[in-house]
Amino acid sequence: MAGGKRDSPFQGPPANIRSTDTSNLGRSVGLLDNFEKGLERAVNGAFAKTFKSGLQPVEITAALRRELDTKAAVVARDRILVPNKFTVRLSTSDYARMIALGPTLTDELTQHVQRHAAAQHYSFAGGISIALSEDPALSAGMLEIQSVNVKGEVAWTPVLEINGVRHPILHSHTVIGRGSDADITVDDTGISRRHVEILWDGTRAQVNDLGSTNGSKLNGNPVAKAPLPPDSVIDIGRTRIVFRVLAQAGA
């Protein structure tokens, strides 16, 4: 199954960022910490080669994080509600550069919003939706975030990141290996033709080594069969595989 549906478990940017409050959430409770700074470095590194000048993806990440923090509202002792639908308004030139990345950029932004919410113990009313929009009134280098709280179901989309390429998990069993009969074929002489298998039941994942010659590692430790939490790293041969689950707005 490509993505099961269930309730979400998730219970200082540059001066040129403007925020428009459309969600009526006004209490700031989020704090920047080393975790979020690490996310900035990760996003910046991922797209540095693409953007030599102008607005950087890391600035969008910082703006989205600030939007969560400034709009967070305590609705119960153990629940802090934040917006889950975002529109990122960009100047014409910045929009053209960002949109050229296709869904890769929005997937990354969604992932970082999800991680920041988990780190700060925020809750979403529904799945996360992020859209880029062109605004000719904005000057190059400026951006504006608009956000609302939209109730709805969450679609959990599992993906495997292999050598910089994101592969959605479309079946309950996904075999990774060197052979042409594998669901995902990897050009690595250090792995077997059918090396590992990823199982997905719509909410949980598991990794199975398929009796490979050189074995497999999960988060640095040898593995034959084990649960696969989000953001786990599987090493086979010279290939590193990252398993992620993205929370997105349901259809």
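The legends below accompany close-up views of a predicted model.

**View 1. The whole chain, with its secondary structure and its surface.** In this predicted model, the chain is built from four helices and 19 strands. Of its 251 residues, 49% are buried, and the chain exposes about 12,100 Å², of which carbon and sulfur atoms supply 50%.

**View 2. The largest nonpolar core and the elements that supply it.** The largest nonpolar core holds 24 residues, and within it Ile 60, Leu 64, Phe 86, Val 88, Leu 90, Val 113 and Ile 130 touch the most other members. At least two residues of this core come from each of α2 (57-71), β4 (79-82), β5 (85-90), α4 (103-120), β6 (122-124), β7 (129-134) and β8 (143-148). Apart from this core lies another one, of 22 residues, which includes Ile 176, Ile 191, Ala 205 and Val 223. When residues up to four places away in sequence are set aside, Val 88 touches Ile 60, Leu 64, Ile 130, Ala 131, Leu 132, Ser 133, Glu 144 and Ile 145.

**View 3. The packing of helices α2 and α4.** Two packed helices are described by the angle between their axes and by the distance between those axes. For α2 and α4 the angle is about 40 degrees, and the axes lie 10 Å apart, while the crossing of α2 past α4 is right-handed. On the α2 side the contact is made by Pro 57, Ile 60, Thr 61, Leu 64, Arg 65, Leu 68 and Asp 69, and on the α4 side by Leu 105, Leu 109, His 112, Val 113, His 116 and Gln 120. Thr 61, placed in helix α2, has a relative accessible area of 5% and is therefore buried. From Thr 61 to Glu 108, a residue 47 places apart from it in sequence, the distance in space is 9.1 Å, C-alpha to C-alpha.

**View 4. Val 175 in strand β11.** Val 175 is found in strand β11, which spans residues 173-177, and it counts as buried because its relative accessible area is 4%, under the 20% limit. Not counting residues up to four places away in sequence, Val 175 touches Ala 182, Asp 183, Ile 184, Arg 194, Val 196, Glu 197 and Leu 210.

**View 5. Asn 208 in strand β14.** Asn 208 lies in strand β14 and, with a relative accessible area of 10%, is buried. The side chain of Asn 208 is joined to that of Gln 206 by a polar contact of 2.8 Å. Outside the four places on either side in sequence, Asn 208 touches His 195, Val 196, Glu 197, Leu 199, Ala 224 and Lys 225. For one of these residues, Val 196, the C-alpha separation from Asn 208 is 5.6 Å, and the two are 12 residues apart along the chain.

**View 6. Ser 212 and Thr 213 in the loop between β14 and β15.** Ser 212 is found in the loop between β14 (205-209) and β15 (217-218), and Thr 213 lies in the loop between these strands as well. Ser 212 counts as buried, at 12% relative accessibility, whereas Thr 213 counts as exposed, at 70%. The side chain of Ser 212 makes a polar contact of 3.1 Å with the side chain of His 195, and a further polar contact, of 2.7 Å, joins the side chains of Ser 212 and Asp 209. Leaving aside neighbours within four places in sequence, Ser 212 is in contact with Ser 192 and His 195. Thr 213 and Ile 191 are separated by 22 residues in sequence and by 7.4 Å in space, taken from C-alpha to C-alpha.

View 7. With a relative accessible area of 47%, Asn 219 is partly exposed. Asp 231, which is likewise not a glycine, has a positive phi of about 70 degrees and is placed in the loop between β17 (225-227) and β18 (232-236). At 37% relative accessibility, Asp 231 counts as partly exposed.

How values were computed
Residues are numbered from 1 along each chain as its sequence is written. This is a predicted model: local features need pLDDT of at least 70, side-chain atom pairs count only at pLDDT 80 or more; totals for chains, interfaces and linings use all residues. Side-chain values use heavy atoms; hydrogens and water are left out. Buried means under 20% relative accessible area, exposed over 50%, partly exposed in between (1.4 Å probe, protein chains only). A polar contact is a pair of N or O atoms within 3.5 Å; within protein, one must be able to donate a hydrogen and the other to accept it, and residues adjacent in sequence count only if both atoms are side-chain atoms. Contact means heavy atoms within 4.5 Å. A nonpolar core is a set of buried Ala, Val, Leu, Ile, Met, Phe, Trp, Tyr and Cys residues joined through side-chain atoms within 4.5 Å. Accessible areas come from the Shrake-Rupley method with a 1.4 Å probe; for residues, only the protein chains shown count as cover. Axes are lines fitted to C-alpha atoms, for helices over the stretch in contact, and angles run from 0 to 180 degrees between N-to-C directions. A crossing is left-handed if the near helix is turned anticlockwise from the far one by less than a right angle, and right-handed if clockwise.
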